[in-house]
Amino acid sequence: MTSDAHDRDAWEQRWEQVLRDHPDKLASRPPSDLLVDVARELRPGRALDAGCGHGAEAIWLAAAGWTVTAVDFSRAALEHGQATAQGFAPDVAARIAWVEGDLGAPGPRTRATSTS
């Protein structure tokens with residue numbers, strides 16, 4: 001038996017509830033201060049956002065010129081992030097590949113939800 005911390009279904013239910021009950025709080029959640037402080041000093045390149053959730057960090061990185069692979073195992077979170085990026089700007093959305101996958105799984109079990 002897996003704990004909720006690593007249970008795909010539990011996380012999917014959690015994201016669905018948050019998106020349903022608190023979309024306003026989620027929409028206003030900024031990217032991590034640490035990420036912003038560190039990444040703004042670097043030349044944009046390629047980034048992996050492991051456990052990207054709703055995508056605030058992936059979207060910030062893409063807006064700053066990075067090419068991002070955003071991975072999470074919650075389809076609801078990925079779909080929200082992708083829709084947010086598309087609403088932000090087409091060039092930003094094009095720099096993010098949203099990938100549904102379990103980074104804790106022993107083998108390659110990923111499914112790209114979008115290649116752009």
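His54 sits in the loop between E1 and H4, where helices (H or I, at least four residues) and strands (E, at least two) are DSSP runs numbered from the N terminus. This is a predicted model, so local features need pLDDT of at least 70 and side-chain atom pairs count only at pLDDT 80 or more, while totals for chains, interfaces and linings use all residues. Residues are numbered from 1 along each chain as its sequence is written, and side-chain values use heavy atoms, with hydrogens and water left out.

- His54 counts as buried because its relative accessibility is 6%; buried means under 20% relative accessible area, exposed over 50%, and partly exposed in between (1.4 Å probe, protein chains only).
- The His54 side chain makes a polar contact with the Arg29 side chain at 3.3 Å; such a contact is a pair of N or O atoms within 3.5 Å, where within protein one must be able to donate a hydrogen and the other to accept it, and residues adjacent in sequence count only if both atoms are side-chain atoms.
- Leaving out residues up to four places away in sequence, His54 touches Trp15, Leu26, Arg29, Ala77, His80 and Gly81, with contact meaning heavy atoms within 4.5 Å.
- Cys52 is in the loop between strand E1 (46-50) and helix H4 (56-63) as well, and it counts as buried at 4% relative accessibility.
- Beyond residues up to four places away in sequence, Cys52 touches Ala70, Val71, Asp72, Leu78 and Trp98.
- Cys52 and Gly81 are 29 residues apart in sequence, yet their C-alpha atoms are 8.6 Å apart in space.

- Helix H5 (residues 75-88) has 14 residues and should span 20 Å at 1.5 Å a residue, which agrees with the 20 Å between its end C-alpha atoms; the expected span is 1.5 Å times one less than the number of residues.
- Ala76, Ala77, Leu78, Gly81, Gln82 and Ala85 are buried in H5.
- The cover over those buried H5 residues includes helix H1 (8-21), H4, strand E2 (67-72), helix H6 (90-94) and strand E3 (96-101).
- In H1, the buried residues are Ala10, Glu12 and Trp15.

**The largest nonpolar core**

- This core has 17 residues, and Val68, Ile96 and Trp98 have the most contacts inside it; a nonpolar core is a set of buried Ala, Val, Leu, Ile, Met, Phe, Trp, Tyr and Cys residues joined through side-chain atoms within 4.5 Å.
- H4, E2, H5, H6 and E3 each give two or more residues to the core, and the largest share, four residues, comes from H4.
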